[in-house]
Amino acid sequence: MGGNPITFGELINACLNNPGFFQQMQDNPAQAITQAGYEATPMVIDSLKNLDYNAIRRVFRACDPLSAPVC
Amino acid sequence: MSMSKCILAAQIDAVVDRIGADLGASSPSLANQVVRWIRRISPGGEPSAHFLDARMFPILELPDFVLESLAVAPDEAFHRSLIFSTVHGYFYIRLIDDIVDGDRDLELERKILPVAGYFLSEFQLGYQKYFSAEHEFWRAFRRLWTASAASSAEDAMQRSVGFAEFERVSSRKFSAASIPVAATCHHYGRADLVPAWLDLVDGLGRWSQMVDDILDWHQDRSLGRATYFLTEGERQTRREESLEEWILREGCDWGFDLLNEWMDRLQKSAVQLGSPGLMEYLAGRKAWAAEQHSTLRNGLAELARLAGILGHAMRTKSSCGAGTSIT
């Protein structure tokens, strides 16, 4: 395996900086993961297809101070 | 939108129009800049949407909750004056807070900063029409206004926030919202109710600040702000566990359980105060918080699954030049 595996914290930080990544991951997982520097094996692609991307997007919407006014 | 919300929205819009007209009489270009700032901090550019948003502290609704509990004929002019005053007071606090927080480009805020003096005078003048200089109300005004200013300043300087600091400082940033509440009690001759209503606003401030701490955890952390949630996260994380892993394992549930516990107490107080509007408002906030809890828990679990998939995937390069990189 090249490089270090991504951590949960790194993933959250990276996704908040690039929320469009999830759209690409949902629309074309093979291309998204290849561009992100991972090998797009059938097993990985299958696993990615089973993720609930809407649930992930809802987290970032809930935690986005720009779309949620401050109290 | 309910009829009462529509009326409130129209009143808020009228206050913003008045701000534009007041300032425009001296400087049309300044008025344009101030109104542009007000629209910029409002979702969809609508000031009324900002004040009536679910996440907004109910600064304009609180006096109505008090009124409901008194079973007296409302003095409509007094309540319109409260809205006028409170909207100005909010813009005063918000303008200062934005500059103190300094988390984005603040060129416009710095340019219009002198207008803070206008916001403050309009906020205070609203009360001078109803309370003489010797009136007991001004003691509450001075205490609450000072507490609000001191808490905001001290909160910005904190490096770590334990529960004691959270109680004493962070959650007291909403103290100014108690001023129209105290004014309502005094105006209707019920000064005896001030302590109970102020306790309620304090509790609601604590609850609202914790919601902010939880939902804004990522932004607070990246800007180096100390909050109770982040401080507790640092304390509770296990050896070699990241803050994000703590939030997923326990922190999210811990934070929302605490919110639930505080909300139960608020709801009991609301029953004692006898305000159906407040009870309905709190029930709505409780349901909203439960929805946010579920959103965070489910979404973070999916993200953990994604991290697991990527953790086992073969990396083709250690860092990405072109294309979409997520690291």
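Colleague: Which helix gives the largest share of the lining of the second largest pocket?

Modeller: α5(B), with 6 residues. Some ground rules apply. The model is predicted: local features need pLDDT of at least 70, side-chain atom pairs count only at pLDDT 80 or more, and totals for chains, interfaces and linings use all residues; side-chain values use heavy atoms, with hydrogens and water left out. Residues are numbered from 1 along each chain as its sequence is written, while chains are lettered from A and ligands numbered from 1 in the order in which they are written.

Colleague: What makes something a pocket, and what makes a residue part of its lining?

Modeller: The search runs on a 1 Å grid over the protein atoms alone. A pocket is an open set of points with protein on both sides within 12 Å along at least five of seven lines. A lining residue has an atom within 4 Å of a point. On that test, 32 residues line the second largest pocket. Those nearest its centre are S4(B), K5(B), L8(B), E61(B) and D64(B). Two or more lining residues come from each of α1 (3-26), α3 (47-52), α4 (62-70), α5 (76-101) and α15 (276-312) of chain B.

Colleague: What is the volume of the second largest pocket?

Modeller: About 850 Å³. Grid points are joined across faces, edges and corners, and the volume is the space filled by probe spheres set on the points.

Colleague: How does that lining divide by class?

Modeller: Into 16 nonpolar, 7 polar and 9 charged residues. Nonpolar means Ala, Val, Leu, Ile, Met, Phe, Trp, Tyr, Cys and Pro; charged means Asp, Glu, Lys and Arg; the others, Gly among them, are polar.

Colleague: Why is S151(B) called buried?

Modeller: Its relative accessible area is 6%. Buried means under 20%, exposed over 50%, partly exposed in between (1.4 Å probe, protein chains only). The value of 6% falls under the cut-off, so S151(B) is buried. S151(B) sits in helix α8 (137-157) of chain B; a helix is a DSSP run of H or I with at least four residues, a strand one of E with at least two, both numbered from the N terminus.

Colleague: What does the side chain of S151(B) reach?

Modeller: The backbone oxygen of A147(B), at 2.7 Å. A polar contact is a pair of N or O atoms within 3.5 Å; within protein, one must be able to donate a hydrogen and the other to accept it, and residues adjacent in sequence count only if both atoms are side-chain atoms.

Colleague: Which residues does S151(B) touch, beyond those up to four places away in sequence?

Modeller: R168(B), V169(B), R172(B) and K173(B). Contact means heavy atoms within 4.5 Å.

Colleague: Is V169(B) buried or exposed?

Modeller: Buried, because its relative accessibility is 1%. V169(B) lies in the loop between α9 and α10 (178-187) of chain B. Beyond four places in sequence, V169(B) contacts S151(B), E154(B), D155(B) and Q158(B).

Colleague: What makes α13(B) mostly covered?

Modeller: The count: 7 of its 9 residues are buried. They are Y228(B), F229(B), L230(B), T231(B), E232(B), G233(B) and Q236(B). The cover includes α9 (163-168), α11 (194-215), α12 (217-222) and α14 (243-273) of chain B.

Colleague: Which label does D257(B) get: buried, partly exposed or exposed?

Modeller: Partly exposed, because its relative accessible area is 45%. D257(B) is in helix α14 of chain B.

Colleague: How much of chain A counts as buried?

Modeller: 45% of its 71 residues. Chain A has 5 helices and 0 strands.

Note on methods:
1 Å grid on protein atoms, 1.4 Å probe; cavity = no way out; pocket = protein on both sides within 12 Å on 5 of 7 lines; lining within 4 Å.
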